[in-house]
Structures are given as structure tokens and as C-alpha cells.
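Please view the sequence and the model together before turning to the numbered points.

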Amino acid sequence: MDDAMGLYFEDFTDELRVVTRGRTVGEGDITLFSGLSGDFNPLHVDAEYCATTPFGERIAHGPLTLAMAIGLMSQQNLIDATTMGLLDLHWSFSGPVRIGDTVHAIVTTVERKPSRKPDRGVVTLKLDVVNQRGEQVQTGQMKLLMKRRDQDPNRC
């Protein structure tokens, strides 16, 4: 495998299990995501309001943590320059992510299907997002359209 490229369709075996490094969620992450998304729900931006909720403090947006998990997977060089597109996403949010929590993702292959076109295939990956206490806070599956190794004209 070329070090500058992610994995190809053929590389996503049933044995694939990658644990990403961790990433600590900061207040700036929540502030930036609020501005980017336009989601200023008080659960994310209002400490006084949050003190009255079961969470007791501000929590990260669910999609922010999802995006972080995908970014952590990308940093493992699993999908860089070999992904042709995100086809489907099914995601569950099972616990809050608080400022100061450190999350990481466990990535496993669920399924591989060749495409009708010889240069690509569809890979389904499962991501389990876990905090520093070992609690699963999110889980989901994504289908990615991936380049095939033998058909990539850019491969050296």
C-alpha cells in the first residue's frame, strides 16, 4: 500500500479492527460547531440552562462527535484518497459527550460488495465511539464507495 493513500476496497477484510487515537472535546469545538451549523441549542451553549438539566453541564452536539469520529478514522489513513463517496449513514447516540471528555473510535469492517463498475466497491464500516471511561457514546455504520486497487490509474 502506498503510504500516502488510504486503504483500497480489497484491504477491508473481515479481520480489520482499528482503534483510533483519542481526541479531547474542548469548549472551542462546541463554539465553532455551533457557528458552523447554526445550532445554538442551549444544551450546547448555555451553562446556566444546562445546570438545570439531567446532564448538569453543557454537552457536545451529537453530529460534532460523529464528525470527530470520522476525522479520527481519517487520521488513521484508512480512507484518504481512496474514498470516492459516502453513500449511507446510520447512527445512534447513546450517551452525552461533555467538555473535557476524550473520545476514540473502534472501526471494523461489516461488509464488502463489488460494484458493477470494475474500479470501485462498496464497504460498510462500523464505528463505535467510546469515551475515556470506556462507555460507548455513539455507534453507527457507514457505506463508502471505495477505489479498487487493481483499477486505480493514480496508483504508483
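1. Two strands are said to pair if DSSP finds at least two bridges between them. Helices (H or I, at least four residues) and strands (E, at least two) are DSSP runs, numbered from the N terminus.

2. The model is predicted: local features need pLDDT of at least 70, side-chain atom pairs count only at pLDDT 80 or more, and totals for chains, interfaces and linings use all residues. Residues are numbered from 1 along each chain as its sequence is written, and side-chain values use heavy atoms, with hydrogens and water left out.

3. Strand β4 (residues 102-114) is joined to strand β1 (residues 17-19) by 3 bridges, and the two run antiparallel. Within this pairing, arginine 17 has threonine 108 in β4 as its bridge partner.

4. Strand β2 (residues 23-24) also runs antiparallel to β4, with 2 bridges between them. Here valine 103 in β4 stands opposite arginine 23.

5. How many bridges join β4 and strand β5 (residues 120-130)? The antiparallel pairing extends over 10 bridges. Valine 122 in β5 stands opposite lysine 113, and a hairpin of 5 residues connects β4 to β5.

6. Helix α1 (residues 27-37) contains leucine 32. Is leucine 32 buried or exposed? Leucine 32 is exposed, because its relative accessible area is 64%; buried means under 20%, exposed over 50%, and partly exposed in between (1.4 Å probe, protein chains only).

7. Leucine 32 lies 73 residues from alanine 105 in sequence, and their C-alpha atoms are 22 Å apart in space.
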